[in-house]
Amino acid sequence: MNPGYELPQDEAGYSFGFLDEFAKREIRRTLLKAISIPGYQTPYASREMPMGRGFGTGGLQLTLSLIGPGDTLKVIDQGADDSVNAVNLRHFVELTCPGVDTTERTHEATLIQSRHRIPERALTEQQVLVLQVPYPDPLVIVEPSEARRKVMHGEGDYSRLLTKLYEDIVQFDEITISHRYPTRINGHYVIDPSPIPRYDVPRLHQSRALVLLGAGREKKIYAVPPYTDAMPLVFDDVPFRIEDFRDGQGHRRACSRCGATDSFLDEMIADDGSKTWQCSDSDYCNETLATRTAQIEVTA
Amino acid sequence: MGYVAIKGGGRAIRGAEAALDALRTAEGEAGTPLTLAAIEQQLRLLTSRVVSEGGLYHPRLAALAIKQMQGDTLEAAFALRAYRSTKPRLLEAPLQDTNRMRLIRRISSAFKDIPGGQMLGPTYDYALRLMRLDLADESPEAFRRVSRRFMDEMPDSDLPDTFPKVVDALRAEGLLPPVAAQPQEAFDITRDPLVFPVPRSAALATMARAETGSLLAIAYSNMRGYGDVHPTIAELRVGYLPVMLPHPVTGELIEAGEVLMTECEVVAMYERDDHDGPPVFTLGYGACFGHNEVKAISMAILDRALQKGMRDGPSNPSEDPEFVLLHVDGVDSMGFANHYKMPHYVTFQSDMDRLRTTQSQSGVEQKGVEA
Amino acid sequence: MKKILEVRGLSKIHGQGCAHCYESTGPEMDTNLCPHCGSVVAAHGVSFELHAGEILGIMGESGSGKSTVVKTLFFDDAPSAGEAVFFDGEQQRSLFALNAAEQRWLRNHRFGMVYQNPHLGLNFNVSAGGNIAERLLMSDLTHYGQIRERASMLLARTEVLPERMDESPKQFSGGMQQRVQIAKALATQPPLLFLDEVTTGLDLSVQARILDLILEIQQELRTAMIVVTHDLGVIRLLAGRTLVMKYGRVIESGLTDQILEDPQHAYTQRLVASAL
């Protein structure tokens, strides 16, 4: 082969935010369109990132296109800042975006990239939430062809999706969709809100923060703009139900670490087979614990 | 205790890196590191796969990726792609003329004799797949002798630099459709997403950097009977294509370098013409960076199958553009298969909630000990 | 009587078509295949009116274009030329000028279709009740209890056992599948129903019961219907007026009794004679 191919100089050659400026500009243009048409899956030419497809490359491309010096970034996975994938993504941004601060505190962040959770603490107008999306299209369970799904979305035709819910109730007396709950945005497009639990879906409704959703492998970006309706798809007489954290006696379980009774809980199995529950949002758990400790000190 | 299960992520990642590198150097004192030149030359077909699936013609960088990823073609191609994401697109190459390829191999299975003649070149096609144990302990001297002897014994040849293409002869006879006077503008899959229906050039570009095994599997389904392309290879050629780019100042086309590539043109059963013309054979086209014949042939068959599907509607998976084009990319499919290893605690919690609720609807009592 | 549908000069060509298509095809030419360009002239110059509560029969052999007519009216297929106006209460809608979303709205709310092949009309991956639910959901009814109630009522009306409501139509007999299709088509109480060879391929006794059902529905709900069939018996029983088609053209039309008693066109005469 041609011996004339030289190796590039070392990694110092990467530009701010890894992606070249043209790519970032293109993503920002796509974003504008996505925000203008709430819930519409806007196609874009997703770039390959140095982490696997499915590890948050869609969210990361959004983050890298938006972030600038002066921003403070928080990255969470399963609600935690210290899970391997969150650490990896945060490390990558630190490496390629000099001048950007990172934080584990929800309220300090201007930009939050998350997989599978929306933080417990309510977000503000000053914050942008980026969610990582594996499957952008809620219609895929009833229609495999993307071309046909596009028409169904355009016409707001979600009857087959609702029929799936109907069949669920007939078969199980319950809607069996656990996460990725189809949610109608601004009265038209139904989105896959990413694999957040049903617990987090109501947080999308009239959110103060801009919520952006990026699917890298499927090459789609969509958005829930601030103060926009986001309603889970339901029947008039069958209420939408979030995860049930009550014990056998009907009491709301508390986090075994901080004692919170108003957070999404992770269930854990100890070596002896017994079960405990703890906050999935690590920052919220730390915060609640700190407040409680402070109170105990005061009373003591 | 439970909560620390996903703590210490940073340390774990650093540990994983160190463990990988330790395995790479596990030969210990006796080991010698692989040189990039050795990978590029001695593992040239591996390098070929990586440049083609990585979508970046840089054999030396591909060799580095192979070394770094310890021989995993999916990971190595992936690294090249990620590197490519950092580079701006400086210009759009004009159409390149593969008539001008400097060939090391060309064959046709359609005709015994073809203009310019058949040239078997470097191929395993007729090699006996018997283990060559003499390679096991090859001495450096013996190694160097092989190449020297080949050059010494090469007869003075009057081989031309380029060869005419077999399909041109068929075209001249009116057996193939004429080349479109106005070529379609090429679709750039690195800049535009696939929104179906897509033009043929988008399909070709997607397949040109597809993962070899995925492409082969779907093409094979067509060959076996989930489809009816029944191809004949008009020409398969391997060689170096001079890349012509416009001079930044004068705009004149100049040779900027060359790329090793494999090109395959298959002729398939004839079809009625849509525009009152006589029936003609149909053509399938495949081409990729590097020397990778299975990929070029698979791509040519799928190109034909997809053209049929785009025209008449797909009657099997290999004719369905969405099915084929969205499932052949190695970076996409490998990444997604791997992502299942990431934590899914939250979604699984949701799943359990649904199952428990459904179970209790049907009167099942919950088991389990609470701490 | 109130007019519900008016069709003028409806034509459909499959293929690219040419200037000679129409003059080179039809009953006189004894073909619907254009010898110049190879296109199929499935229908040409079809015009008729339909009134509220009326059943119009379209009769012909396969390839006559009878199914093409209802397919274009139900938007399964786009016509090559022609006009169709649907009189919906106070509104007049020019069917082929509507956009895709408007057409879908009409399909879901105001029209119903029963196909010969139940696979076209039913989703076999969901239950019989789910099929009706889907149609009700399309027409924006989103109350689970009401959907269940209406589905069960409709199935009862079309003589499908309500206790089989949650089974897949896969497990049903051909006649039952047609009953589910009819229930689905009627779910939104459409003023206009298309029936395309609905009894073809069924046992005679099953056929008779389905035809009775259709008549009862027409009398109860005053639904206007277009019944496409090759079966003279179906026409005789259901249709007040009839069009006879051959090679894409209407060759005879009028009151069904008249056509059967005194057919004018040689082709119709042969059809009637062969059925006696």
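How many residues of chain A are in contact with residues of chain B? In this predicted model, local features need pLDDT of at least 70 and side-chain atom pairs count only at pLDDT 80 or more, while totals for chains, interfaces and linings use all residues. Residues are numbered from 1 along each chain as its sequence is written, and chains are lettered from A in the order in which they are written.

Contacts (C-beta atoms, placed from the backbone, within 7 Å) join 64 residues of chain A to 58 residues of chain B. On the chain A side, at least two residues each come from helix 1, helix 3 (84-96), helix 4 (146-154), strand 11 (265-269) and strand 12 (274-279). Helices (H or I, at least four residues) and strands (E, at least two) are DSSP runs numbered from the N terminus. Helix 3 of chain A gives the most, with five residues. By class, this side of chain A comprises 24 nonpolar, 20 polar and 20 charged residues; Asp, Glu, Lys and Arg count as charged, Ala, Val, Leu, Ile, Met, Phe, Trp, Tyr, Cys and Pro as nonpolar, and the others, Gly among them, as polar.

Chain A also contains an open sheet of seven strands, ordered 1-9-8-5-4-2-3 with mixed pairing; pairing requires at least two DSSP bridges between two strands. Strand 1 (42-43) and strand 3 (101-102) of chain A are at the edges with a single partner strand each, so one side of each has no neighbour in the sheet. Strand 8 (residues 210-215) and strand 9 (residues 220-224) of chain A are antiparallel, with five bridges, and A:Leu213 has A:Tyr222 in strand 9 as its bridge partner.

Methods:
Contact = placed C-beta atoms within 7 Å.
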